[in-house]
Amino acid sequence: MITTLTPRENRILALQTGSFSTKAGLIDHLTVPIVSISSQVGIKLRKSRADEDGGDGSTRAASPNGGEPELDIMMQDPPAPEAGPTGDAPSAQVDPSSVDDASPEGLKALDAHPNILKNGNAYIAGAKLSAERTLETPAERPDIIRPIKQGLPVDWPALAGLWQHLLLRELPFAINRSRNDWSLLLTVPVSWGRDDHARATKIMFEDLNMLAFTIIEQPLVTLYGCNMTTGLVIDIGHETTDVTPILDNSIIRHAHKSIAVGGRDIEKHLARLLREDPTFMKQLGDEELTEAMVRTVKEAVCEVVPLT
């Protein structure tokens, strides 16, 4: 059976954020492949304005292909205030680098300019982050942040930067943020609370200017994908394993369980077994056993077998 989508339905995106990877794509994923990037962002330190002033008050980074410099996400300074028509003095502006995040004034200042970091730096992610991490000078390498830990958001500005990078730069089709006519479906774990839903909604409408936005919990999506409305969903993630019972499209929340064991623990155990294997280490030689190598072995060779 082939489902025909209307033009408006063709402009609906699905976004899934996890502790290990973040994925996005069209709901009609058969025509356009899903894009996946690592759920980590880097803080790129801004250079002095005297060195990197682009003439418009923004900090510009050199383009990797040697062409025109590109403007990093979240690096644009807020416009300077102008005097009102009555000649009143402009209202005082709070420097993001001088406010305290925990103070009410600091929260108001950061909310007023959600695309500016407290210290004026920029978030990078995806392929650009991978390229920056290979720089020879350690001082030029970005600091790595994981905005999702144990399935919960721990750094909302970094998570917003991750979403902006994925949706605006990594997708194979262009999204115009100023005239955005795309709708978005965000899938989240059951452990996200009402405040988390509210913060995500604010980011999608105020920062990304989405036409429409909705949130659905991941166990429901999994069950709907199996064409069922009642069942037990076991989700083994990178850091946690969630067990969620669902009855007639309703999550039985008091019976939901989450344990801090996931694929990362399997990789750590596998790495320990490989290091204890003299034959494997001899064949490996001088090459270091990395997390990526262990993950490749786990995905290509290992399998789950029942206990006998």
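This is a predicted model: local features need pLDDT of at least 70, side-chain atom pairs count only at pLDDT 80 or more; totals for chains, interfaces and linings use all residues.
Angles run from 0 to 180 degrees between N-to-C directions, with axes fitted as lines to C-alpha atoms, for helices over the stretch in contact. Helices (H or I, at least four residues) and strands (E, at least two) are DSSP runs numbered from the N terminus. Residues are numbered from 1 along each chain as its sequence is written, and side-chain values use heavy atoms, without hydrogens and water. Local features need pLDDT of at least 70 and side-chain atom pairs count only at pLDDT 80 or more, whereas totals for chains, interfaces and linings use all residues.

The open sheet consists of 3 strands in the order β7-β4-β8, with antiparallel pairing (at least two DSSP bridges between two strands). Strands β7 (122–124) and β8 (143–145) stand at the edges with a single partner each, so one side of each has no neighbour in the sheet. Neighbouring strands are turned by 35 degrees against each other on average, direction ignored. Strand β4 (residues 41–44) is joined to β8 over 3 bridges, and Val41 has Ile145 as its bridge partner in β8.

Helix α3 also packs on this sheet, touching β4, β7 and β8, and its direction makes about 60 degrees with that of β4. Within α3 (residues 126–133), Gly126, Lys128, Leu129 and Glu132 are buried (under 20% relative accessible area; exposed is over 50%, partly exposed in between; 1.4 Å probe, protein chains only). The buried residues of α3 fall within an arc of 145 degrees seen down the axis, so they line one face of the helix; the arc is that of the directions from the helix axis to the C-beta atoms.

Technical notes:
Contact means heavy atoms within 4.5 Å.
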